[in-house]
Structure formats: structure tokens, C-alpha cells
Amino acid sequence: MGKLPIVDGRAPIHAFYSSRSWIEGAAVRQLESVAAISGVRAVAGMPDLHPGKFGPVGCAILADRIHPAFVGSDAGCGMALFALDLPARKLRVEKAAERLRKIGRPYDGDIAGEIEAAELPPSDFDGALGTIGGGNHFCELQIVEEVFDASFGIDRQRAYILAHSGSRGLGHALLEQQMSEGLGPIDPASDKGRAYLHAHDHALRWASVNRRLIARRAAQALRCDAELVCQCSHNCVEHRADGLLHRKGAAPSDRGIVVVPGSRGALSYLVEPLAGAPPEALASIAHGAGRKYDRTSMMGRVGATKSDRERLTRNPFGGQVICDDRALLVEEAPEAYKSIAGVIADLASFGLARAVASFRPVVTVKKVVDLTAQKEDRR
DNA sequence: ATGTAC
């Protein structure tokens with residue numbers, strides 16, 4: 001974060017992680033820098049905390065004004081879980097992977113119709129609707145590993161889709177605009193504040209529609225239907241009675257069940273946030289495993305030979321990874337992430353959430369390079 | 001993170 005002014009003293013930082021969650025010193029320093037910013041009222045660090053470009057990821061920040069940097073470049077990014085009417089026992093990994101490959105290509109359906117049906121205003125970035133994007137985004141076919149609480153209707157006979165994506169170019173343009181204006185805090189009652197919140201809300205709705213369309217495309221590819229189980233954003237800001245609550249890589253704990261995914265080589269957990277959670281957690285929980293190692297160090301850690309790449313396209317459960325981008329395949333290797341079991345154990349021991357069910361990855365779709373389209377482009 | 005800077 002660099003040097004930041006300390007004006008009113010420092011806001012309280014509450015950490016909801018133990019030593020088992022591999023918290024880097026750099027991430028804690030970023031948290032302290034945030035707490036020292038004038039007008040910041042409280043900071044909560046989650047067990048998936050790790051350093052980010054504009055500040056810590058895996059935290060909630062309560063402030064007197066809007067800080068676009070705390071929302072980051074992908075407002076609305078989040079998780080959505082869907083149940084498929086597809087029997088888990090009928091799944092064949094190779095066949096499913098072959099069918100799911102097509103969702104890595106641009107959506108060739110009626111985007112304008114989707115935008116209209118969702119009552120979204122048209123935008124310059126609608127061409128990306130229904131696509132996964134890059135970075136840590138994915139669409140994963142999963143089966144149930146274990147059900148801890150049957151009352152939420154998780155059915156071990158069914159297959160599931162987990163979509164992690166965001167607002168694509170829309171959120172990026174929103175932060176770019178703020179950066180060009182100095183990236184300072186904004187009074188929510190000002191014209192600028194209202195304009196930011198309006199664009200932010202648009203990005204959140206767009207991202208939610210995007211995740212639903214990704215899941216629908218996946219279901220169509222698998223010749224079945226998808227039914228929403230839960231969805232939420234983990235990059236956002238909301239106006240509350242006690243201030244502006246920013247979540248940067250933190251899921252809400254006041255809107256029902258939440259998926260906390262592990263890496264593509266680990267289980268994902270559906271959790272129930274607990275009503276009796278301490279208020280210092282700022283109505284938030286962890287949003288995933290959290291990065292353990294930065295992207296640039298991963299090539300040296302996992303190797304770059306053909307056999308290294310082959311290993312990276314499979315997961316420890318016998319599942320497959322679809323990722324044509326070699327660098328991304330390495331950067332997002334399971335080894336780059338913390339233990340999701342440790343994150344879930346921390347959430348439980350601090351009284352923030354309890355596990356409802358766990359899921360195992362069968363096929364993870366990342367970036368697909370369409371060779372036929374490339375050839376056509378060259379002509 | 002990015003219809004991805006040069």
C-alpha cells in the first residue's frame with residue numbers, strides 16, 4: 001500500500017485466522033495500512049487473507065466514505081452454486097470435459113436479449129456476457145463429497161456447477177475511471193458518490209447475470225438444467241447504518257448460505273454463516289482458500305516441462321482441468337493456494353460459519369483458446 | 001482483474 005497518512009489514529013483490526021492459515025507478513029502490513037487511513041472505522045481479516053495490488057484481499061473494511069480501491073478492479077466478482085438435474089453416478093470425466101470445453105468460447109447466443117431479460121442497461125462490455133474470464137475465475141463441475149447438514153437440500157445423487165466470475169470489462173472500466181480521478185475516498189451523498197454506487201450496482205447485477213449464464217451454458221453442454229442454490233459477490237461496497245462496508249475477497253454472512261471454494265485440486269465447502277458471529281467480523285466470512293504464493297513464483301514451484309503440464313491438467317480426484325493458457329495453468333496450480341480445510345476450521349473456531357456440505361471437482365474450466373477462430377482471424 | 005501495455 002505504500003505510505004498512508006495517519007490522521008485520526010488507527011482503526012481496530014480484528015483477525016479471524018489462526019497460525020494454520022499461512023498469513024503473510026505483507027498481508028498483515030497491508031491490513032495495518034488500511035486501518036491507518038483517515039475515516040476507516042474497523043477492519044476484519046479473514047483466514048484467506050493475502051496481499052493484493054490495491055490492498056489486502058480476504059478482508060472487510062468499514063469506513064466513513066467509499067474507497068473504490070477497496071472494491072478493486074472486479075466489482076461484483078463472486079460465486080454461484082447450481083444443482084444440475086444430472087445424476088452424479090452418470091458422469092464420465094472425459095465426456096463431461098469434452099462437452100464443457102465449449103463454454104470457454106465466447107457466448108454466441110442472444111446477448112442483447114439476455115441483457116434485456118435481466119433488465120440491465122446495455123453497456124460497451126456486454127460482448128463478454130456468459131464468459132468466465134481470466135485470473136482465478138473458473139467454472140467447475142462438482143459432485144458431493146460429504147453432507148454435514150441435510151436440511152439445506154444438498155443431494156449427493158446430483159452433480160453441481162460452481163461459477164466464479166465477475167463483471168469483466170465493466171468493473172475494470174469502473175476502477176480505471178476512479179484511478180484517472182485520483183482514486184481517493186468518495187462521499188456517498190455527493191454526485192460522484194451516487195454515480196459510483198450506480199455503476200457499482202450495475203456491475204454487481206451484470207456479474208450475477210454472467211454467473212447464471214455461464215452455469216446455463218454449462219448445463220446446456222451437459223444436456224441438463226441448472227437450478228440456483230446460492231450466489232453472492234465478494235468484491236463490493238454497501239451503505240449501512242454504521243458506514244460504508246467494503247468487502248474485498250470476503251463473502252457476506254448476512255445473506256444465507258455461501259460457497260467457500262478450495263483450489264481446483266481441493267474440496268469446496270458450502271457453509272452456513274452463524275447468526276451469533278462477533279460483530280467485529282463486519283458481517284463477513286472468507287471467500288475461498290486465498291493465495292499462498294504469488295503468480296510470478298509459481299513457474300519455479302511447479303515446473304514447466306511437458307510432464308509438469310500434464311500433471312497440472314488433472315486433479316487429485318481423477319478430474320480434469322481445461323486450461324489452454326500455459327501460464328495460467330501454472331499460476332492457478334492447487335499449490336498456489338492455502339489449505340481450504342484450514343480456512344473452514346478457522347471460520348468454525350471463531351464462530352463465523354459451519355460446514356453444510358463439501359464438493360469435489362470433476363472438471364474445472366479455465367481459459368479455452370479457440371484454434372478454429374484464431375485460424376479464421378489470420379485469413 | 002482487463003473486448004489485456006508495447
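A residue counts as buried when its relative accessible area is under 20%, as exposed when it is over 50%, and as partly exposed in between, using a 1.4 Å probe and protein chains only. We will need that for Asp149, which is buried at 13% relative accessibility.

Some housekeeping. This is a predicted model, in which local features need pLDDT of at least 70 and side-chain atom pairs count only at pLDDT 80 or more, while totals for chains, interfaces and linings use all residues. Residues are numbered from 1 along each chain as its sequence is written, chains are lettered from A and ligands numbered from 1 in the order in which they are written, and side-chain values use heavy atoms, with hydrogens and water left out.

Let me start with salt bridges. A salt bridge here is a side-chain nitrogen of Lys or Arg within 4 Å of a carboxyl oxygen of Asp or Glu. How many salt bridges does a search of the whole structure find? The search finds 21.

Take Asp149 again. Asp149 pairs with Arg354 in a salt bridge, and their closest N and O atoms are 2.5 Å apart. Asp149 sits in the loop between strand 5 (138-147) and strand 6 (158-165), and Arg354 is in strand 15 (residues 353-365), so the pair ties together parts that are 205 residues apart in sequence. Helices (H or I, at least four residues) and strands (E, at least two) are DSSP runs, numbered from the N terminus. Arg354 is partly exposed, at 32% relative accessibility.

Next pair. Arg216 and Glu114 meet through their side chains in a salt bridge, 2.8 Å from N to O. Arg216 belongs to helix 6 (residues 191-221) and Glu114 to helix 4 (residues 111-117), so this pair links distant parts of the chain, 102 residues apart. Is each partner buried or exposed? Glu114 is buried at 15% relative accessibility, whereas Arg216 is partly exposed at 36%.

Arg240 is in strand 8 (residues 235-240), and Asp254 is in the loop between strand 10 (250-252) and strand 11 (258-260), 14 residues apart. Both count as partly exposed: Arg240 at 28% relative accessibility, Asp254 at 39%. These two also belong to a network of salt bridges that links Glu238, Arg240, Arg247, Asp254 and Arg255.

Now the cysteines. A disulfide is a covalent bond between the sulfur atoms of two cysteines. The test used here is a pair of cysteine sulfur atoms within 2.5 Å, and the structure holds zero disulfides. Cys224 is buried at 9% relative accessibility, and Cys232 is buried at 10%.

DNA strand B is surrounded by 13 residues, and the closest are Gly134, Asn136, Arg168, Gly169 and Lys367. A polar side-chain atom of Arg168 lies 3.1 Å from a phosphate oxygen of DNA strand B, and a polar backbone atom of Gly134 is 2.8 Å from a phosphate oxygen.

Methods. Near = heavy atom within 4 Å. Polar contact = N/O pair within 3.5 Å; in protein donor to acceptor, adjacent residues only side chain to side chain.
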